[in-house]
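Dear colleague,

My notes on strand pairing and on the chain interfaces follow it.

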Amino acid sequence: MSSYLQPITKPEATYTIHVKRFNPESNAQAHWETYRIPFVRTMTVIQALEYLWDQNTYLAFRANCREMTCGSCAMLINGAPGLACMTLLQDGSRIEPLANYSVLKDLIVDTSGIERKYKELEFWPKLEGATKISGVPRSVLHDYSHIYSRCIECYVCLEACPQSDAETTQFDGPMFMLQIARLSKHPLDAKNRPRQAIERGALSCVNCYECASVCPVGLSPASEIGKLRRRAFTQDFRNFWRKLVGKEPAQTP
Amino acid sequence: MTNRNRNLGYYMWLAHRITGILLAVYLFAHILTLSAALRGAEAFNQTLRAFDNPVVRAFELGLVAIVVFHMLNGLRLIALDLFPSWSQEYLAFAVLLISLGVIVISVPFFF
Amino acid sequence: MPAGQDIGFREQYLRSLKTRSVGRWEWIALRLTGVFLVVFVLAHLWFLHYAKANHLSFQDISARLQGRRFQMLDLGLLVLAFAHGLAGVRRVILDFGVLSLGAEKALRWVLFVIGGVGVFLGYRIFEAFLGAWGRAG
């Protein structure tokens, strides 16, 4: 651990942090522990947790890149979901695991439900029938990579959304809607993504834009949900009209 | 239910739900008070006279505030559904300002 | 708090689709009734409170309700208000995610009954205003 961490030779102050700990083997209940951390300017939450490891306090947490790229270190800091590697340490910080998911140990939560959803959603371009799309492929007209692929899949938006949690599966969550939006721009993808978004609960979004306000990379899943919803209804109206006037339903979603 | 800073859109949503419930409750209360009409014109006019005091007027003004907010925020939600790239925060500020304006203008109508 | 998932994820998801997911019709209905209500409520408030400045009586209302347009306004408002209001209440309750499948179906019936009673009562009041024109009360 300490190979990643500069030794704190001249701390400016000593901060107190509170961490919610849970050990499935020893204690039954999660409980808060208080630690004192020597503080230097620009210290982040992750560095505080690493400091604890240096002091042989083996607090379990997920971390990898430490630069807002991998999305591993999502947790609740002072009640707000965020990435530990980009949240500056404050005196009296309360650090706890994400509330929407079962806790495996200390700050590590069970994200297997999220990972299973990836399989359900078929997050790869559906290639059958792609050659039948007429006209200019959608993504040629729109360079989407700088928008959607910024998502680092950190689950912070899933935590912040009031309509999605691990239990009620009526709405998969903002992150998945963003992925559906990204795939809908792929030129080879023939699956009806707006319809898939509706089936995965896009109508449950209440436009609170909490996902947009907590996203560490500045994406707005709520706007993407709105665009998918609008496309789904436009499809429906267009197909309804076509059926009314005796035409075939449109091929391109 | 953690205490943390949430964006304005979240509180607009919360207020929309709360005002919605309040209005649903008011709808019943309104029908019930109006049912005095079933007992004849005099009973109804008596009820109206009983409600003709400053406390009830203040309550009615509060009701106008609730109705206006719920209505304008509802229109904001529809606008966001139709035009997802519009700024939800700008619309939220517009809703709050217009609501305030309508309430202020309405005061002389009630007092 | 999340519980352990003993049933498969797919089964859970399919079950939830039958209960609390927002259907397309419900979603559109709330917005459509809402838009019409904007017009009806503003008109109602204007004619009842702002134009008359609170000088109302049974006779005033009765006279106003002789007009066809006002009749449509009031009845339309009655039906739309209950439709929008009860659909909204249902959405708030379901979004808490605590109702079982059976309870959700029961809620639907309860709300229909409440709506029916409310509209019926409102219509009787409407009739009471209509029928009394010309009499001193």
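In strand 5 of chain A, A:Arg94 is the bridge partner of A:His18. This model is predicted. The pairing behind that bridge is parallel: strand 1 of chain A and strand 5 (residues 93–96) of chain A are joined by three bridges. Strand 1 (residues 13–21) of chain A also pairs with strand 2 (residues 31–39) of chain A, here in an antiparallel arrangement with nine bridges. Within strand 2 of chain A, A:Glu33 is the bridge partner of A:Val19. As a general point, side chains in a regular strand alternate between the two faces of the sheet.

Turning to the interfaces, chain A places 14 residues in contact with 16 residues of chain B. On the side of chain A that touches chain B, helix 7 (210–214) and helix 8 (221–244) of chain A each supply at least two residues. Helix 8 of chain A provides the largest share, five residues. By class, this side of chain A comprises four nonpolar, six polar and four charged residues.

Between chain B and chain C, 24 residues of chain B are in contact with 27 residues of chain C. Helix 1 (8–34), helix 2 (41–50) and helix 3 (54–82) of chain B are the elements that give two or more residues to the side of chain B that touches chain C. Helix 1 of chain B gives the most, with nine residues. The class composition of this side of chain B is 17 nonpolar, five polar and two charged residues.

With kind regards

Notes:
Residues are numbered from 1 along each chain as its sequence is written. Chains are lettered from A and ligands numbered from 1 in the order in which they are written. This is a predicted model: local features need pLDDT of at least 70, side-chain atom pairs count only at pLDDT 80 or more; totals for chains, interfaces and linings use all residues. Two residues are in contact if their C-beta atoms, placed from the backbone, lie within 7 Å. Helices (H or I, at least four residues) and strands (E, at least two) are DSSP runs, numbered from the N terminus. Ala, Val, Leu, Ile, Met, Phe, Trp, Tyr, Cys and Pro count as nonpolar, Asp, Glu, Lys and Arg as charged, and the others, Gly among them, as polar. Two strands pair if DSSP finds at least two bridges between them.
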